[in-house]
Amino acid sequence: MKSAGRVYLVDDDELILAMLSRTLEREGYEIRTETGETEFIDKIASWHPEVVLLDINLPGQNGMDTLKTLKNDAPDIEVIMLTADDTAETAVKAMKIGAWDYLTKPFNMDEVKIVIGNAIENIKLKKELEYLRKISSSFFDNDFLGVSKAKRELKEKVERIAEARISSILITGESGVGKDVIARNIHRMIHGTAVSSSIPFIAVNCSALPDTLLESELFGYEKGAFTDARKSKKGLFEVAVGGTLLLDELGEMKLSLQSKLLRVLEERVVRRIGGQEEIPVDVTVIATTNRNLPAAVERGEFRMDLYYRLNAFSLNVPPLRERKEDIPVLAGHFLAAFAKEYNKKIEGFSTEAENMLLAYPWPGNVRELKNVIQGMVVLQNTKVIMPEHLPLELRGSAMPEEQRRDERFILPTAGISLDAFEKDMIVQALERADHNKTQAAKLLGVSYDSFRYQLKKFGLE
Ligand SMILES: Nc1ncnc2c1ncn2[C@@H]1O[C@H](COP(=O)(O)OP(=O)(O)OP(=O)(O)O)[C@@H](O)[C@H]1O
Ligand SMILES: [Mg+2]
């Protein structure tokens, strides 16, 4: 029969040891016993039981000290204290030190079985969680990879911010630089590497929802607050309590909502729409944006006070072209990961191919690099990636300067409509950038804001 678990019994009363052993063995547990006259902590630790039943009144020992040593040497073992008196005080003290539970003499055997059963169940759950965490972290490449100075500085800053438990953080940077990755890293660091799935990490894209919907999503509402509010609903701030709320693309949030957000950040309470109660929200708020916020403040599109509040702890993630050392590392990582996923035997890049990766400006940053490599792995069946395997736009950037100038657009003799040409280029840029405006703007060498202006002008929004 498979063992139900290992239980180590420590009591100076041999009669108690015998009685407990008999009962527990019948339940399928493996048992070892100990009267506690000689040193036993090492013996316990080397046998790896799941549970230790420890008498609090061993002769010549302070039960609490023994408990402390045991929890210190073998923290994974659950300890259940055996006490002669039923004073809650001793029990509370023992639990504070780390005991799982306690049992009072004389024992009720059913209770003994239940308490031990619970402890073992708990250990099983912990192990399962740990396993799930391990596999899930290998599925989502959560690590912010890179070797550049910029990446090292970012990592240090992330560590300091996480250690200080800063509760409002701003992450800025172009689209695809890894702002989400960093936000998740901060969350992991604050809550320890072993993030339990019970700690919420909630991400909201502020540009994806219309204003009123975003407001009710974030703050929740009471029944009857508006026509459709048939039941009251928690907002995401409340849902994220104890964890992290990621406000993606905060730069797109409307002014009226910005002031409500500021109030939450300052007072750490939310009031549901139509509600009176102030609900405390202990949440790490991480905002990300690829907009130039100071410029938006200047134009009156972003609240200055909110900007200052968030900017106190801000991380700027530089574009990939400004930290080229990271390109080979990331490219190698993605190549290996996708090769494994698609079962391809691709070993690496030729020097020329790598030089092209380095020369290309990567307007879509790491996301673009990742997509390009995924595309190559899917399409190619080569061992080594050569220049001809790379997409055209990458080969262009490594082209000698004169050759590129040859490719300049020649005005047709009949002339063109500059407006129509411009519009066409904008549409093409949008298509190439997968409708990512920041990236499309980059392709045309204009700022995000002037690109948006152009979109409006041509009615392309
Ligand atoms: N340093 C990195 N190491 C590994 N993967 C990365 C890194 N940076 C970015 N990535 C990957 O690149 C992709 C884009 O990253 P992410 O979503 O974090 O960008 P972002 O800055 O949030 O972009 P956006 O502004 O468009 O939301 C993701 O698939 C992410 O896993
Ligand atoms: Mg993002």
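Me: In which strand is Ser314 found?
Reply: Strands here are DSSP runs of type E with at least two residues, numbered from the N terminus. The model is a predicted one. Residues 314–316 form such a run, and Ser314 belongs to it. The element asked for is strand 14.

Me: Does Ser314 count as buried or exposed, and why?
Reply: A residue is buried when its relative accessible area is under 20%. The relative accessibility of Ser314 is 17%, so the residue counts as buried.

Me: Which side chain is joined to that of Ser314 by a polar contact, and which residues does Ser314 touch when those up to four places away in sequence are not counted?
Reply: With those sequence neighbours set aside, Ser314 touches Lys157 and Leu170. The polar contact of Ser314 is made between side chains and spans 3.1 Å. Its partner is Asn311.

Me: Why is strand 4 described as largely enclosed by the rest of the structure?
Reply: Strand 4 covers residues 78–83. Glu78, Ile80 and Leu82 point one way, Val79, Met81 and Thr83 point the other way, and all are buried. Strand 4 is therefore largely enclosed, the count of buried residues being 6 of the 6.

Me: Which helix makes a β-α-β unit with strand 3 and strand 4?
Reply: The unit is right-handed and includes both strand 3 and strand 4. Its helical part comprises residues 63–73, which is helix 3.

Me: What is the bridge partner of Leu82 in strand 5?
Reply: Strand 4 and strand 5 (residues 101–104) run parallel and are joined by 4 bridges. Within strand 5, the partner of Leu82 is Leu103.

Me: How far apart do the C-alpha centres of domain 1 and domain 2 lie?
Reply: The protein chain is divided into domains that include domain 1 (5–135) and domain 2 (149–318). Between the C-alpha centres of these two domains the distance is 44 Å.

Me: Which residue has a side-chain N or O atom 2.8 Å from an oxygen atom of ligand 1?
Reply: Ligand 1 is surrounded by 18 residues, the closest being Ser175, Gly176, Lys179, Asp180 and Lys370. A polar backbone atom of Val177 lies 3.3 Å from an oxygen atom of the ligand, and a polar side-chain atom of Arg367 lies 3.0 Å from one. The 2.8 Å distance belongs to the side chain of Asp180.

Notes: Residues numbered from 1 in each chain as written. Chains lettered and ligands numbered in written order. Predicted model: local features only at pLDDT ≥ 70, side-chain atom pairs only at ≥ 80, totals over all residues. Heavy atoms only, no water. Buried < 20%, exposed > 50% of the residue type's maximum accessible area, 1.4 Å probe, protein only. Polar contact = N/O pair within 3.5 Å; in protein donor to acceptor, adjacent residues only side chain to side chain. Contact = heavy atoms within 4.5 Å. Right-handed = clockwise from strand over helix to strand, strands pointing away. Pairing = 2+ DSSP bridges. Domains from an automatic or database assignment. Near = heavy atom within 4 Å.
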